[in-house]
Amino acid sequence: QQGQQGEQEGEFNDEKHKAINVVVSVMLFASLTFIMSLFYLVNYPDPQIRAQAWRAVSQTIVIFVSVLVFNASNGFVTWREDYSMPDMLDSLRVVPVARQNDVMPDTGDFFLAMAQLAFWILAFQFTVSVCAGVVFWQPDKWITGPAKAVDSPPLKEKDRSKAGEEKGEEKGEEKAEEKEGKKTPSADDLEIATTASAMILGHVAGFAGINAFGVLMQLSPFADNFGLCLLAWLIAVVSIVGMVVGSEYLRDMCLRKLKGDWYESNLLHAKLHLLDHQAHHGGNDVIALVSSFLLIQLLRFGITGHLPDLYGGETTTQVESHTALQCWSLVIFALIGSCFAGAGYFIRRNVSALPVRRLLLTFQLSMAMTKSWCFFFSGVWIIGSMGVAKALEVSEESALLDPTHNPIPNPNPNPNAN
């Protein structure tokens, strides 16, 4: 008997090692293919192809950095521990945001998540204002000297040679400023810093919005009925639009009081234009992230009859039980989202009113992201229903921000058992 048991364990280990080898081989091959394709694109002869390739790389890095920043923030805010505080409080307990299937969120979780969202939206507006050179700007530094270049638009390729000649004349003054520890940023520096801060913090605020309004969707009675879940989605869209637009009005009001008469001067015009442009782009990303992810949650609820968890995850049993009709429904919704995104693009080209153009751009981004979410989750459903992941013994559970949020079932449900 011991010999037979040893043979069975050996066969099980061999199958397990074979599955691991297959997964590692596929991952290694895919990684090498991706890296070589990326090298090919960033060195492509066409400058537009190179620019779009670098833009895609930049946006990918932004998404990963934003996810890490939000995970750190959310982990700190929702961190729970019992503290003994003698002579002050008997116990201090921070309400955790629900992360497990057996823990349902409550109103405390929702208000905590909304406070975190409000913080990141305000941090987004403040940081973009600082990087645009508006908050700490002083008028006496802009009247004479090379600092006037900051108010000029970003240099084009044909103007860079002329600018290089002028830099030689100002080199002495710049060295003096460097010795004093003061160096005026150029227009290109301001644009790079403002764009980076808007993209990163905009995505962090977007993930905070997904977390906050995702908790709202998980609350009863929204999670129990598709119609009420649709109402929660409408509340989320209206709320996130109001928070983004309201934060922009609050920022402008604070800057008017801070700068006084200088706010309307020509010296601040270029920086304010840069601030509005990048803040609008970041705000559009926030709205599109929240509306698109919650929309795919709603669509999956309507297709399957059960609402996925806070971050879009499902149990292995649920993933493997999806039918072909359900998988194709998500694919069809992805194609519909692509059509809406294209329609928004072509309509926006014929519109001149700035608020309408921004509305159409936000709609275009939302539909494009919805298309991507539909393709992603339809792929997860197809892999799960075909049994591919089960055959390879890898996890099929999917999530947006935390792939390990689903609890591991306890193999020993009896607490008194050894």
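Figure 1. Of the chain's 418 residues, 36% are buried, meaning under 20% relative accessible area, while exposed means over 50% and partly exposed lies in between (1.4 Å probe, protein chains only). The accessible surface is about 25200 Å², and 63% of it belongs to carbon and sulfur atoms. Such areas come from the Shrake-Rupley method with a 1.4 Å probe; for residues, only the protein chains shown count as cover. This is a predicted model: local features need pLDDT of at least 70, side-chain atom pairs count only at pLDDT 80 or more, and totals for chains, interfaces and linings use all residues. Residues are numbered from 1 along each chain as its sequence is written, and side-chain values use heavy atoms, leaving out hydrogens and water.

Figure 2. The chain holds 11 helices and 2 strands. Both are DSSP runs numbered from the N terminus: helices are H or I with at least four residues, strands are E with at least two. In sequence order the pattern is α-α-β-β-α-α-α-α-α-α-α-α-α.

Figure 3. Helix α3 (residues 107-131) has 25 residues and spans 36 Å from first to last C-alpha, close to the expected 36 Å. The expected span is 1.5 Å times one less than the number of residues. Just after α3, Gly133 has a positive phi of about 80 degrees. Helix α10 (residues 354-386) has 33 residues and reaches 48 Å, close to the 48 Å expected.

**Figure 4. Arg358 meets Glu248.** These two side chains form a salt bridge, with the closest N and O atoms 2.7 Å apart. The pair joins distant parts of the chain: Arg358 sits in helix α10 and Glu248 in helix α6, 110 residues apart. A salt bridge needs a side-chain nitrogen of Lys or Arg within 4 Å of a carboxyl oxygen of Asp or Glu. By this rule the count is 4. Arg358 is buried at 18% relative accessible area, and Glu248 is buried at 7%.

Figure 5. Arg251 and Asp276 form a salt bridge (2.9 Å, N to O). Arg251 lies in helix α6 and Asp276 in helix α7 (residues 269-304), 25 residues apart. Arg251 is buried at 7%, whereas Asp276 is partly exposed at 29%. A salt-bridge network links Arg251, Asp252 and Asp276.

**Figure 6. Glu314 and Arg300.** Their side chains meet in a salt bridge (3.3 Å, N to O). Both residues are buried.
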